[in-house]
Amino acid sequence: MPDETQEQPTRPQPDPERKTLDDRARMTELERIRHSCAHVMATAILRLWPEAQFASGPPVENGFYYDVELSHRISPEDFPRIEEEMKKEIKANHVFEKKIVTREQAMQDARRGRLGALSERPAPSKFKIGNLEDIPQGEPISYYQNGDFIDLCAGPHVMRTGNLGAFKLTHVASAYYKGDERNPQLQRIYGTAFKNKTELEAHFHMLEEAKRRDHRKIGAEMGLFVIDTEYVWSGLPLWLPKGAAIVEELEKLAKETEFAAGYVRVKTPHIAKEKLYLTSGHLPVLYKESMFPPMELAEDVESSKREPSNRENSGTESTIPRFSDSTKYYLKAMNCPHHHRIFAAQPRSYRELPLRLAEYGTNYRYEQSGELFGLMRVRSLNMNDAHIYCQPEKFAEEFNAVNEMYLKYFKTFGIEKYVMRFSTHDPARLTGDNAKFVNEPELWKQTEDMVRDTLKNSGINYVEVPNEAAFYGPKIDVQVWSVIGREFTLATNQVDFAVPKRFGLVYKDRDNTEKTPLCIHRAPLGTHERFIGFLIEHYAGNFPLWLAPEQVRVLTIGDDAALVDYAKSIVQELRSNMVRAEGDYGTDKINGKIQHAEHAKVHTMLVIGPRDREAGAVSVRLHGKGNVGAKPKAEVVADILQAIKERRA
Ligand SMILES: [Zn+2]
Ligand SMILES: [Zn+2]
C-alpha cells in the first residue's frame, strides 16, 4: 500500500491466510508450543465429545485457538474439565509423530472420520476434507499424531506433549469456516501457552495491569481527551486542555529534535484535489477504502475568471463555463503527496539535498466504526511526519540519522525494548495477476541492500520479514514494549523509490543532469493519538515532570492573605517560565488539598505554611513519592526548570 507511516494496527484476521511452508518453517519455539497445545486441546475435547469436528487451529498473537463444530456450546464452565483432560495428555508424554501420506490416503482417512479424531467415526472429517482440497498440488501432505489423535497438519510441533509448558484456556468466540459467512459457524476455543508457569503468570499479570492502565480509563479520569459521538463523531478525539498540554510538549520535542537535525517545517491544508491522489497512486483503487468519500464541488468559474492569471490566459469575456465538470476534493489521508508538491514547487539542485520536510500533519482515514478503539484506532491522526528527499548515495547517512533519532526518543521515554521489523518484497510478485510490488527489480535490490547494511552496521535490533514491503519500497515497522511488557506498533518508516518518479520530482545533479530523488518517509513519534495512548499505559498516567499536564500545584496551609500572596507569586514565577503551575489557596485542610492533587496526578506539589513563607522556602512533595523536604524557593524553582529542560525521566 502506498500508505506511508502509521498504519493502524492489524487485528487478528478472522481466518488467516493459509500459512505457506516458509511461514511454518519460521514459527518460533513459542508458536510451536502454542500450536501443539491446540492439538492437545482437540485431543481433550474429543475425549469429552467424540463427535466434535475440527477445522483449523493455528497459533495466534498471545496464544492459539482451534475451531470446532459441536452441538454442545462450550463455555468457560467447561474449561476446567477440558484442561484436566489436556493435563492427562501432557502427562502421557506422547510423541508428536509426523507422517507423510498421499493425497488419496488422506482423503480416504478423512472420509472415514479419522482426521482431527481419536479413531474412525461414522461421519467424515468434513472440514479436514475442505482443508485437504486447499493444499496445493505438489505440496507434501502430512499428519501429526499424538497418542490416538491424528490430525492433518503441516506442523511444526514440539517433540512430545510433555514439552508443553504452562497453558490456560481463555475464551470462546464464533467464526465461520474459512472465514466465509456462507460456511458453517464454528466455535473458536482460545487458549494461551507459555514455556513455563512463571511466564504464564506474568502474562496474566500484564493483562491485569494493562486493564488498570487502560488509556481510555486514565484519559477520562485525568481529563485528557473525550470522544464526542453525539456532536463530533466516533474516532475523532477532542483533546482537552490537559491532553493538549501533552500534545504541545511532544510537538516541542519533535520540533527541537528535527530542527537540530536539519529539518525544515512546512504546513499543508487538509484537503486536495483528486488529481493529487491519482498521481500518488492512492486513488483510484489502492487506498480508496481508507479515504473518506470525496466532496464534489462545481468549479467556481466566476471567481477563477477574476484571478488575474486566468483573465490573461482566457483572452475573452465569454461567459461559457470553462470547466464543465465538477471537481472532487478529498480529505488528506497522508501527507506525502502534499510534500511532494512542495518539493516540486521550486527547481531543486543537489546542493539543497537532502531536503527534509517536516510537519505534524493531520490525516483522516475512514475506519469502520467497529474497528475504532480509543486513541489507538481513530479517524483523525496527527502525525509526526517528515519526508526526506535525498540522493541515493546519501541514503545510508540519512537513514542512519533517522534510526539515531528513534534511539534518542526511546531513551527520553524510557523505552527499553524495541524491534525494527524490516519488510522486503517478494521477487515472485513483481508482475502478473498477483503483482504486489512495483516492477523495479534492480531498485528493490539496491534499496533493500542499503537498508539491511545500515541496520546491520548501526547495531540496531531488527528482524527481517519477507513479502511485507509497501508497494513502492521496503518498510520498517517500529515495535516497542511498554513498561508492563505490552507490545505496540508505533511507527512505520518507508523507503520510496517509486512515487517521486510518479510526481516527476527531479533535482539537478552535479553533472547538470536531472535525477529523481529517493524519499524516506519517517514518523518516529507516530501519531499523537497512538503515542499518547501508549504513554498513558507506559506511565500509568504518572507522567514525568516535563510531560505532566499539571506540572506543579502550590498548596497553602490555610488562606492567610500574606501566605496566599506568597503562593501566588511562586505560581506566577513558574508560569512566566512556561511551567504549567496552578494554585490551591482555599480554606480546605491541607491533607484534603494534597489528596486532590495526588488524585489529579500533579507531578510536584509545593506545600506552603507561614514558616515556609518567613524562611522564603517551600516544602516539596512529589506525586506518589510523598514529602521530600523543605528547600529554599529559588533552589526549587531552578530545579523544576532544569528538570523540564532536560526532559528528566
Ligand atoms: Zn499441527
Ligand atoms: Zn509519507
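**Entry 1: before I start**

Two strands count as paired if DSSP finds at least two bridges between them. I need that for the bridge partners below. I also note that this is a predicted model.

**Entry 2**

I began with Glu97 and looked for its bridge partner in β5, which turned out to be Gln145. Zooming out, I saw that β4 and β5 (residues 141–146) run antiparallel and share five bridges. They belong to an open sheet of three strands, in the order β4-β5-β6, with antiparallel pairing. Which strands sit at the edges? I found β4 (97–101) and β6 (149–152) there, each pairing on one side only. On average, neighbouring strands of this sheet are turned by 25 degrees against each other, direction ignored.

Is β6 buried or exposed on its faces? I went through the residues: Phe149 and Asp151 are buried on one side, and Ile150 and Leu152 are buried on the other, so to speak a strand with both faces covered. A handy reminder goes with this: in a regular strand the side chains alternate between the two faces of the sheet.

**Entry 2: two helices**

I moved on to helix α2 (residues 29–48) and helix α3 (residues 79–91). Their axes are 8 Å apart and they pack at an angle of about 115 degrees. I noted the crossing as right-handed. Which residues make the contact? From α2 I listed Val40, Met41, Thr43, Ala44, Ile45, Arg47 and Leu48. From α3 I listed Arg81, Ile82, Glu85, Met86, Glu89 and Ile90.

**Entry 3: stepping back**

Time for the whole protein. I counted 20 helices and 28 strands. The C-alpha atoms fill a box of roughly 90 × 80 × 50 Å, taken along the principal axes. Of the 649 residues, 37% are buried. I also looked at contacts with a separation of 6 or more: 72% of them join residues 24 or more positions apart.

The domain assignment gives domain 1 (21–208), domain 2 (238–294 + 329–538) and domain 3 (552–646). Between the centres of domain 2 and domain 3, taken over C-alpha atoms, there are 43 Å.

**Entry 4: the eight-strand sheet**

I found an open sheet of eight strands with mixed pairing, in the order β11-β15-β16-β23-β20-β19-β17-β18. Its edge strands are β11 (264–265) and β18 (462–465), and each pairs on one side only. Inside it, β19 (residues 475–481) and β20 (residues 487–496) are antiparallel over seven bridges. I picked Lys475 and traced its bridge partner in β20 to Gln494.

What packs on this sheet? I found helix α13 (residues 395–412), which touches β16 (380–390), β17 (418–423), β19, β20 and β23 (518–522). The direction of α13 makes about 5 degrees with that of β23.

**Entry 5: strands β26 to β28**

Strand β26 (residues 604–608) and strand β27 (residues 617–622) pair in the antiparallel sense, with four bridges. Thr604 stands opposite Leu622 in β27. On to β28 (residues 626–632): six bridges join β27 to this strand, again antiparallel. Val620 is the residue I found opposite Gly629. β27 and β28 form a hairpin with three residues between the strands, and Gly624 takes a positive phi near 80 degrees there.

**Entry 6: the cores**

Last stop, the largest nonpolar core, which has 88 residues. Which members touch the most others? I got Leu555, Leu606 and Ile608. Why does this core lie between domain 2 and domain 3? Both domains give residues to the core, so it lies between them.

I followed Ile608 a bit further. Leaving out residues up to four places away in sequence, Ile608 touches Val554, Leu555, Thr556, Ile557, Leu563, Tyr566, Ala567, Arg613 and Val618. There is also a second, separate core of 40 residues, including Ile82, Ala117, Leu152 and Ala193. I had met two of those names already: Ile82 in the α3 contact and Leu152 in β6.

Methods: Residues are numbered from 1 along each chain as its sequence is written. Chains are lettered from A and ligands numbered from 1 in the order in which they are written. This is a predicted model: local features need pLDDT of at least 70, side-chain atom pairs count only at pLDDT 80 or more; totals for chains, interfaces and linings use all residues. A nonpolar core is a set of buried Ala, Val, Leu, Ile, Met, Phe, Trp, Tyr and Cys residues joined through C-beta atoms within 7 Å. A residue is buried if 20 or more other C-beta atoms lie within 10 Å of its own, exposed if 12 or fewer, and partly exposed in between; C-beta atoms are placed from the backbone. Domain bounds come from an automatic or database domain assignment. Two residues are in contact if their C-beta atoms, placed from the backbone, lie within 7 Å. Axes are lines fitted to C-alpha atoms, for helices over the stretch in contact, and angles run from 0 to 180 degrees between N-to-C directions. A crossing is left-handed if the near helix is turned anticlockwise from the far one by less than a right angle, and right-handed if clockwise.
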